[in-house]
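Hi,

Here is the structure I wanted to hand over. Have a look at it first, and then read on for what I found.

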Amino acid sequence: MLIAGNWKSNCDLVMGKNLASSIVKSIKGQTLNCQIAIFPPFTCLNSVSNILKNSRISLGAQDCSEYNGGAYTGEVSAGMLLDVGCKYVIVGHSERRIKHGETSKQVRIKTLNVFNSNLKPIVCVGETEKDRDLGKENDIVKKQITSSIPIDAGAKSLSNLIIAYEPVWAIGSGLTPTINEIERMFKEIKKNLKLHLKEKYVDDIKILYGGSVNKKNSNEILSLKEVDGALIGGASLNAAEFSSICLEIYNKE
Ligand code: PGA
């Protein structure tokens with residue numbers, strides 16, 4: 001079980017350091033049945049990395065470059081993220097796919113770079129409201145999976161793959177799919193991963209749910225057998241709420 005907090009483009013350095021310190025403090029000495037990772041903006045990574053040292057919380061970045069370094073002004077490579085202490089990188093978040101026109105091909109290259117830097121990618125997939133209204137959610141998610149995951153990455157890398165199913169219409173809206181809809185989509189994703197990866201390593205691949213997860217709905221969503229964790233946006237900016245979601249997780253194993 002992995003609980004990931006995506007801070008998005010929020011927090012200046014003081015806020016970021018305070019938020020990370022409060023989460024570390026809240027879980028210190030408590031029983032934990034999950035892994036926790038937080039994803040601050042690039043500018044906070046180094047400071048938060050120092051705060052997380054000797055804690056049970058890992059660091060992640062919200063994106064990385066398609067390039068491994070060189071004359072690419074403004075780009076941050078996967079290797080640089082490893083250097084600053086990251087363990088995870090979110091790739092292909094819908095806000096990047098939609099607001100920055102990121103294609104699945106770019107997501108695939110980024111995912112490969114993340115693997116090659118010995119980091120774990122969290123590859124995001126999910127349908128828009130329009131796709132859902134047209135009943136196309138399965139097709140869209142299948143297409144995103146097959147075109148965003150580099151099947152040639154090798155067994156060792158692919159076993160580190162994490163998928164986040166985040167319906168675009170559920171992000172930041174307070175809306176979530178029903179429990180049955182989540183269960184159905186997760187089975188579908190597993191089936192597509194098996195087809196795409198030819199059964200290999202699929203059982204090692206974690207699938208997270210994301211989109212308006214909060215303290216009120218987290219228990220129900222996370223207790224589904226198929227769900228291996230959550231990618232949390234808004235609620236991860238509140239140390240008390242985020243920590244209590246992490247601490248309330250019971251052991252599914
Ligand atoms: P949300 O965001 O929890 O605020 O809906 C989730 C995400 O975008 O990862």
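Let's begin with α1 and α11, which cross in a right-handed sense. Right-handed here means that the near helix is turned clockwise from the far one by less than a right angle, and left-handed that it is turned anticlockwise. Helices (H or I, at least four residues) and strands (E, at least two) are DSSP runs numbered from the N terminus.

Before more detail, some housekeeping. This is a predicted model, with local features needing pLDDT of at least 70 and side-chain atom pairs counting only at pLDDT 80 or more, while totals for chains, interfaces and linings use all residues. Residues are numbered from 1 along each chain as its sequence is written, and side-chain values use heavy atoms, with hydrogens and water left out.

**Helix packing**

A packed helix pair is described by the angle between the two axes and the distance between them. For α1 (residues 13–27) and α11 (residues 239–247), the angle is about 35° and the axes are 9 Å apart. The axes are lines fitted to C-alpha atoms, for helices over the stretch in contact, and angles between N-to-C directions run from 0 to 180 degrees. On the α1 side, Leu-19, Ser-22, Ile-23, Ser-26 and Ile-27 meet Ala-239, Phe-242, Ser-243 and Leu-247 of α11, contact being heavy atoms within 4.5 Å. These contact residues comprise six nonpolar, three polar and no charged ones. Nonpolar covers Ala, Val, Leu, Ile, Met, Phe, Trp, Tyr, Cys and Pro; charged covers Asp, Glu, Lys and Arg; the others, Gly among them, are polar.

Next come α5 and α7, whose axes come within 8 Å and cross at roughly 45°. That angle is why α5 counts as oblique to α7 (under 35 degrees is roughly parallel, over 145 roughly antiparallel, 65 to 115 roughly perpendicular, and the rest oblique). This crossing is right-handed. Ser-104, Lys-105, Val-107, Arg-108 and Thr-111 of α5 make the contact with Gln-144, Ser-147 and Ser-148 of α7. By class, that contact has one nonpolar, five polar and two charged residues.

α7 also packs on α9 (residues 179–196), with the axes coming within 10 Å and crossing at roughly 40°. The two are therefore oblique to each other, and the crossing is right-handed. The contact involves Glu-137, Asn-138, Val-141, Lys-142, Ile-145 and Thr-146 of α7, and Met-185, Glu-188, Ile-189, Asn-192, Leu-193 and His-196 of α9. It divides into five nonpolar, four polar and three charged residues.

**Pockets**

A probe the size of a water molecule, rolled over the atoms, shows where empty space is left. The search used a 1 Å grid over the protein atoms alone: a cavity is a set of points where a 1.4 Å probe fits but cannot get out, a pocket is an open set with protein on both sides within 12 Å along at least five of seven lines, and lining residues have an atom within 4 Å of a point. Grid points are joined across faces, edges and corners, and a volume is the space filled by probe spheres set on the points.

The largest pocket holds about 510 Å³. It is lined by 24 residues, of which Phe-42, Gln-62, Asp-63, Arg-96 and His-100 are the closest to its centre. The lining has seven nonpolar, eight polar and nine charged residues.

**Loop residues**

Val-84 sits in the loop between α3 (78–83) and β4 (88–91). Leaving out residues up to four places away in sequence, Val-84 touches Leu-45, Asn-46, Ser-49 and Leu-59. Its C-alpha is 9.3 Å from that of Ser-47, 37 residues apart along the chain.

Two non-glycine residues have a positive phi: Lys-8 at about 55°, in the loop between β1 (2–6) and α1, and Asn-54 at about 65°, in the loop between α2 (45–52) and β3 (57–61).

Cheers
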